[in-house]
Amino acid sequence: MGQCVTKCKNPTSSLGSKSGEKDAGKSHGKKGGGSSGTHTEEVAKSSADVIFNGTKVSEVTVESSTAPAVSAEVQRETSAQDAGGVSLAQIDDLFSCYKDEYEDAILEEGMERFCNDLCVDPAEFRVLVLAWKFQAATMCKFTRREFVDGCKAIQADSIPGICSRFSVLLEESRGEESFKDLYRFTFQFGLDAEQGQRSLQRSIAIALWRLVFTLDAPPLLEHWLDFLSENPCAVRGISRDTWNMFLNFTQSIGQDLSNYSEDEAWPSLFDSFVEWEMERRRREQSDSEATAVWPGT
């Protein structure tokens, strides 16, 4: 594995240069009159120049025989180099370091090695952001296309290159529209596509909510997650609508919940949460008052 990573970190790629072409415009004659031998030399040189630089058929044959080699070289270099400057060959080598032996994808074991080389925990926010940029369809898996297109998208083709992009990606994820896209991606990312899931398991939804709000957690988040944890029978799964609407809820409803209205088109689970939260606060206030009256109890 160490050899594989070393190979990925030290790519070798160079642009070849054309060779063997003769310079045009050289002088072919000598000053003054010369002997017939000299004249023969001049004719020979002139003929050679005509063959390579003139319009004779023999010259066309020579040029056409060398053209394909140059063209192939350019094509190879063009295909190996993306327009953005990253090396597609290097990305492919990097993918090969972690791909599964039997499937053309990076699976759980390869993902763990990939994260170790990146010096990140597979369960941390940076990995979620990377999966978002790679548009990964499934947890713990990168297909070849997802990996290649993702590396091109973030303009990185090596482990150090990906690491250097993390700060930019994290900053990008904090933008309003970018975060909304990341947030909605996270729901889909958490589904088991092979099982045809349409809603998140409660425990997975709780973990993903904590993860996606790593940088900017709304004040009500922990109380919302406590509500879900304490009501396992009432909350079996989280639908896409509930997931998406919770982001709107955190952005439009104040921490004191005073502007929440059941008459608005909120999911019924939110009604239950607000009722549960208000009751929790009443109990908390009652306990606090009792402690004030009977200190030390």
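Predicted model: local features only at pLDDT ≥ 70, side-chain atom pairs only at ≥ 80, totals over all residues.
The protein chain contains 13 helices and four strands. Of its 297 residues, 32% are buried. The accessible surface of the chain amounts to about 18200 Å², and carbon and sulfur atoms account for 50% of that area. When contacts between residues at least 6 apart in sequence are considered, 64% of them join residues at least 24 apart.

In soluble globular proteins, nonpolar side chains tend to be buried together. The largest nonpolar core in the model comprises 68 residues, and those with the most contacts inside it are Phe114, Phe147, Ile162, Trp209, Trp224, Leu228 and Phe249. Helix 6 (residues 125-134) supplies the largest share of this core, with eight residues. Leaving aside residues up to four places away in sequence, Trp224 is in contact with Trp209, Phe246, Leu269, Phe270 and Phe273.

Phe246 and Phe249 are among the buried residues of helix 12, which also include Thr242, Trp243, Asn244, Met245, Leu247 and Thr250. Helix 12 (residues 240-252) has 13 residues and, at 1.5 Å a residue, should span 18 Å; the distance between its end C-alpha atoms is 19 Å, which agrees.

Ile106 lies in strand 1 (residues 105-106). Its relative accessible area is 0%, so Ile106 counts as buried, the cut-off being under 20%. Contacts of Ile106 beyond four places in sequence are made with Phe95, Tyr98, Lys99, Met111, Cys140, Lys141, Phe142 and Phe147.

How values were computed:
Residues numbered from 1 in each chain as written. Heavy atoms only, no water. Helix = DSSP H or I, 4+ residues; strand = E, 2+ residues; numbered from the N terminus. Buried < 20%, exposed > 50% of the residue type's maximum accessible area, 1.4 Å probe, protein only. Contact = heavy atoms within 4.5 Å. Core = buried A, V, L, I, M, F, W, Y, C linked by side-chain atoms within 4.5 Å. Expected span 1.5 Å × (residues − 1). Areas by Shrake-Rupley, 256 points an atom, 1.4 Å probe, with all protein chains shown as cover.
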